[in-house]
Amino acid sequence: MKTLDPLLHSQLRLAVMSLLMGLEEADFVFLKEKTGATAGNLSVQLDKLAAAGYIEVVKGFAGKRPRTLCRTTAQGREAFCDYVDTLKAYLHL
């Protein structure tokens, strides 16, 4: 049986990917509010997902305020679907 992707097996990273799978993109504030994560922890986890190629992070400005947008990549969507399929196999669904 396949093993679960350890990068996605983290609660916060899995929550972020789950949220992003249903959206075209989401900003940092939205992800922070939905996950209940601290800004520092969320930032670290986003960096890990981006380094793995699972998400794309775009930093910019909305007016004079900084804005960070996140979206899944094709690699990230595939990894998430594989993770879900593996989990279903473990659960015999």
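Begin by selecting Asp27 together with Leu69, which is the bridge partner of Asp27 in strand E3. The model on screen is predicted, so to speak of a local feature requires a pLDDT of at least 70 and side-chain atom pairs count only at pLDDT 80 or more, while totals for chains, interfaces and linings use all residues. Residues are numbered from 1 along each chain as its sequence is written, and side-chain values use heavy atoms, with hydrogens and water left out.

**The sheet**

Helices (H or I, at least four residues) and strands (E, at least two) are DSSP runs numbered from the N terminus, and two strands count as paired if DSSP finds at least two bridges between them. Now show the three strands, which form an open sheet in the order E1-E3-E2 with antiparallel pairing. Strand E1 (26-27) and strand E2 (55-62) stand at the edges with a single partner strand each, so one side of each is left without a neighbour in the sheet. Strands of a sheet pair through backbone hydrogen bonds, either parallel or antiparallel.

Next select residues 65-72, which make up strand E3 and are joined to E1, in the antiparallel sense, by two bridges. On the E2 side, E3 pairs antiparallel over eight bridges, and one place to look is Ala62, whose bridge partner in E3 is Arg65. Follow the chain through the hairpin of E2 and E3, where two residues lie between the strands and Gly63 takes a positive phi near 70°.

**Charged pairs across the strands**

Show the side chains of Lys, Arg, Asp and Glu, since a salt bridge is here a side-chain nitrogen of Lys or Arg within 4 Å of a carboxyl oxygen of Asp or Glu. By this rule the count comes to three.

Select Arg71 and Glu25, whose side chains meet in a salt bridge at 2.4 Å, N to O. Because Arg71 lies in strand E3 and Glu25 in the loop between H1 and E1, this pair ties together parts that are 46 residues apart in sequence. To judge how open these places are, take buried as under 20% relative accessible area, exposed as over 50% and partly exposed as in between, with a 1.4 Å probe and protein chains only. Arg71 counts as partly exposed at 24%, as does Glu25 at 31%.

Glu56 is partly exposed, with a relative accessible area of 37%. Through shared partners, salt bridges join Glu25, Glu56 and Arg71 into one network.

Asp27 lies in strand E1 and Arg67 in strand E3, so the pair ties together parts that are 40 residues apart in sequence. Arg67 is partly exposed, at 37% relative accessibility.

**The nonpolar core**

A nonpolar core is a set of buried Ala, Val, Leu, Ile, Met, Phe, Trp, Tyr and Cys residues joined through side-chain atoms within 4.5 Å. Which members of the largest core, with its 20 residues, touch the most other members? Select Val16, Leu31, Leu42, Leu46 and Leu49 to see them. The elements giving two or more residues to this core are helix H1 (11-21), helix H2 (28-35), helix H3 (39-51) and H4, and H1 gives the most, with four residues.

Centre the view on Leu46, then look for its contacts, meaning heavy atoms within 4.5 Å. Leaving aside residues up to four places away in sequence, Leu46 touches Val16, Phe28, Leu31, Ile55 and Cys70.

**Helix H4**

Finish in helix H4 by selecting Thr86, which is found there. Is Thr86 buried or exposed? Thr86 is buried, with a relative accessible area of 5%, and touches Lys2, Thr3 and Leu4 when residues up to four places away in sequence are not counted. Leu87, also placed in helix H4 (residues 74-91), is partly exposed at 33%.
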